[in-house]
Structures are given as C-alpha cells and as structure tokens.
Amino acid sequence: MKKIYTLALTFVIGFSLLLAAGCGSSSASTTPSSGSGAAPDIKNAKDRGVLKIGVKVDVPKFGFKDPNTGKVDGMEIDLARAIAKKILGDETKIDVQPVTAKTRGPLLDNGEVDFVIATFTITDERKKSYNFSDPYFEDGVALMVKKDSGISDLTGLNGKKIGVAQSATSKKALVDEIQKQNLKIDLPEFGTYPEIKAALDSRRIDCFSVDGAILAGYLDDSTVILPARYSPQLYGVAAKKGNEGLSKAANDTIAELKASGEMDKLLVKWGLK
Amino acid sequence: MPGPFALFKWEAVFQDWRVFAEGFGMTILVAALALVLALLLGILFGMMGTARSKTLRCLNRVYVEFIQNTPLVIQIFFLYNGLPYAGIMLPVFWVGMLGIGIYHGAYVAEVVRAGILSIPKGQFEAAYAQGFSYWSAMRYVILPQAKQLAYPSLTNLAVNLIKNTSVMAMVAGGELMYHADSWSSANLYYGPAYVITGLLYISLCYPLATYARHLEHRLEVST
C-alpha cells in the first residue's frame, strides 16, 4: 500500500513539475544559479576525478591511435583536454575510449562515457536522443577515387558504387545530390573507414565518400580527392540527455576556445585549416 | 529524457518496416541457398572422409581443417576483398552464399562422416555380398541409415548457418543485420532496431531448433 502511495506521489510531483516547466516560462523562472556548479552530472565527474570520453581511433587528424606508440591523439583529443581543464581544472584527467559509429550512442546511454567527441555530425534526428554542443568543425562530404579511374566528378560515377560509412550523414548528402543530378549510384555502407578503403583498393567500390577532412587521412599515391564538396556537416560534442551540466561545460569551452582564437590554432596544428 | 527504448523510436522502426523486411528476405534467400551448398559439399566431403583412397581422405582433412580453423569473418573478407586482386569479382550476394555455404559445408562433412562411421561395418559387407558397388552401397544402404543419426546435428547446423549470415553485414551484404546496422546507425534508434532484428532471427531459428530437439527425441525412442 505504501508503495502505491509513493508511486502516486511521484507521478503527481513529476506531472506538476512538467506543468511548471511548460507554463513557467512567462513568469519569473527560478533557474538555479549556474555559478554554484551543483549540477549532479558535473559533481559526479568531479568525484570520479576523470572525464570519460569516447573518441575515434581510426580517423587521422581527429582521433587516431598511433600504431607505433599506441597513443591516441588528434584535434578531438585536444578538445577533450580543454573540456577536462574547464570542468576538472586539469587537462590530463581524461580517459579516452575508442568508439565506432555503432557504439557511440549506446555508450552515451549507459553512462560508459560522459562525452562523445568523434566526428559526430549534428542532425535534428540525433538531437532527439542526445545533447549536442555548438559545432566545433564544419566540413563538406567529399569523394575519393582511384587516380587511374579517370573519374573527375559525381556524374562520372553514374552506374557505379560509392562506399560510405554507417552512421555517417554523408549518405544522405549524397542521395540528395544524386537525385538532384538524376543519377543512378549504389551506396553500400561499411562499419569502419579502413573497410571502405580496403573495398576501394580491391575495386569493389569506385569511390570512397565521407567528410573531406577525414578522407584526407586516407589519401595515398593511388588515390585522389575530387574538389567537389556536398552539404556541410557540423561536428558537435555529444552528451547524454539529462546531463545538462556537462553539455553546458562543453559548450562554454568551445565558445571560449573560439573567442580566444585557440580553436583556430588547434585546427592549424592538426592541418585542418 | 528519452531512453534507448523511447516510444518514438519504436514508431520509427515500424514506420520503416520495409527496410527490415527487405533484409529479412535477403537473409532467408542467402541462408536457403547456402544451406543447399553446405549439404552438397558436406555429403561429398563426408563420404570422401570415409573413402578407402588416401588422397580422398586427405582432401577431406584439408578442406575440413582449413575451414574449421579459420574465422568465417576472414573467409568472407578474403572472398570480398582478396579475390578481386586475382581478377575475380564475385557479387556480394555470391560472396555471402559461397562463403557461408563453404564454411558450413565443412561442419556438415564432419557430421556426415561421423554418421557413416557409426554404421556397423557389417552393413557394408552385407551390401557387397548382395552385389552392390561401393557407391551404390553408400547410396542405398549406408547414407539412409546415417541420415537418421545425422539429422538432429544437421538441423542445429542450419540454425547456426542462419545466424552466421549476419557476417555479410561487414561487406555491405544487404541482409537483415546490414539493414539493422545501417538503419539504426543513421538515426541512433538502436534499441528497438536490434530488438526487432533479434526477434526476426528467433522467428527463423527457434522453429528449426525445436524441430531438431524433436528429431533427437525420436532418435532416443527408436534406439
């Protein structure tokens, strides 16, 4: 019996809170002072003393594990350090975990990572599931082909195959462009970038397409990146819905880096600008 | 705060049911053809494993050991990305069907071989005494009996074969797992997507597994 009362009470309180949130916008809303730093998610991270961050390990310049040293480094790792400095006051207090397109959502949901900074393109659909920061990088979808194929634009790929990555928004960008130009191109999806490159090398596919800066990491003597860029992709730092404190900290860090010019330096450092 | 199983994610899955249906159909088609191939290869190589000729037995060992001791993932990857360097560009559907068929053929061969070996030698001798040749004795006397014994294990192999079609996802195979990965990684509604995918696999495998148990039970009763 007691349980039922507690349950009912929880519902009533929950409901009234919802109502308050819905209607209270006009009245003087009493938002908790952000300066207190009492957000439970931030406190949690502080207690732990380290930020858990999901990064890519197969994308040169952004997040890449050096096979010789075994260290993960890149522009996104530097960004993670800056966020750690902001929240914990120490930029070395990060614990990076490799994520793939398939694992980054689940890892955020189950709390294994606080942030995902892994060339994660912001879309409206994804915003329903996760909190995204303001973009820290903008890039267009590009095409990489074999030099000896003689292909110079999207039209040249008519009737051929373009390999794209799962969970990448590049597919949608390409589908739009293909429809606009009235072409017929097959778009097989692969789990990781090295798999797409392997398929390009074995000529399973005629073109490897993903965001331009990522593609640059896979350029070699036999391939060439075409100059065309399609629908700009915006990368954001993702956090779980409900971890508003963390999201805000990430956003503040990015805003500060942008204002101080540090962000530009970071991009230059990694050859992204 | 929407969790991985939020209602709108379920709605999205059911709205896009065609994506999953297409993959499901492809999985059934690949599994069916691969199963036929596996049975043909398995029976052939299984018989070779019990042949008197040393060369044939050797061929059986090479096939079985080589296939059983390398991961299916590598075999598929080789068919997909390795063969093109030799100028052989198999369509991805063939890669899946051949790869999975050849892989499970090795397991079927072992089951068939064990089945044949379990038939008492006297059966062979009796067949020879009746004027049967080796192959006709095999065809009319030994295999029908071995089949009874091998059936439950073969049905279990078929269940494994169906589940293993999911490796085709790795090479953009267009079957159920590929579509589940592709769909759920685009919008990140992975929760309901994989639950539905799992249920679809169960709908194929569970009846087969039950059938296998039924066969095993019948075997116990008859012996």
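Analyst: Two residues are in contact if their C-beta atoms, placed from the backbone, lie within 7 Å. In chain A, 76% of the contacts with a separation of 6 or more join residues 24 or more positions apart. This is a predicted model, in which local features need pLDDT of at least 70 and side-chain atom pairs count only at pLDDT 80 or more, while totals for chains, interfaces and linings use all residues. Residues are numbered from 1 along each chain as its sequence is written, and chains are lettered from A and ligands numbered from 1 in the order in which they are written.

User: How many helices and strands are there in chain A?

Analyst: Helices (H or I, at least four residues) and strands (E, at least two) are DSSP runs numbered from the N terminus. Chain A holds 10 helices and 14 strands.

User: Which domains does the assignment give for chain A?

Analyst: Domain bounds come from an automatic or database domain assignment. Chain A has domain 1 (38-136 + 236-269) and domain 2 (139-233). Their centres, taken over C-alpha atoms, are separated by 27 Å. To the contact, domain 1 of chain A contributes 11 residues and domain 2 of chain A 14 residues.

User: How many residues of chain B are in contact with chain A?

Analyst: In chain B, 17 residues are in contact with 22 residues of chain A. Helix H4 (72-82) and helix H8 (176-187) of chain B each supply at least two residues of the side that touches chain A. H8(B) gives the most, with five residues.
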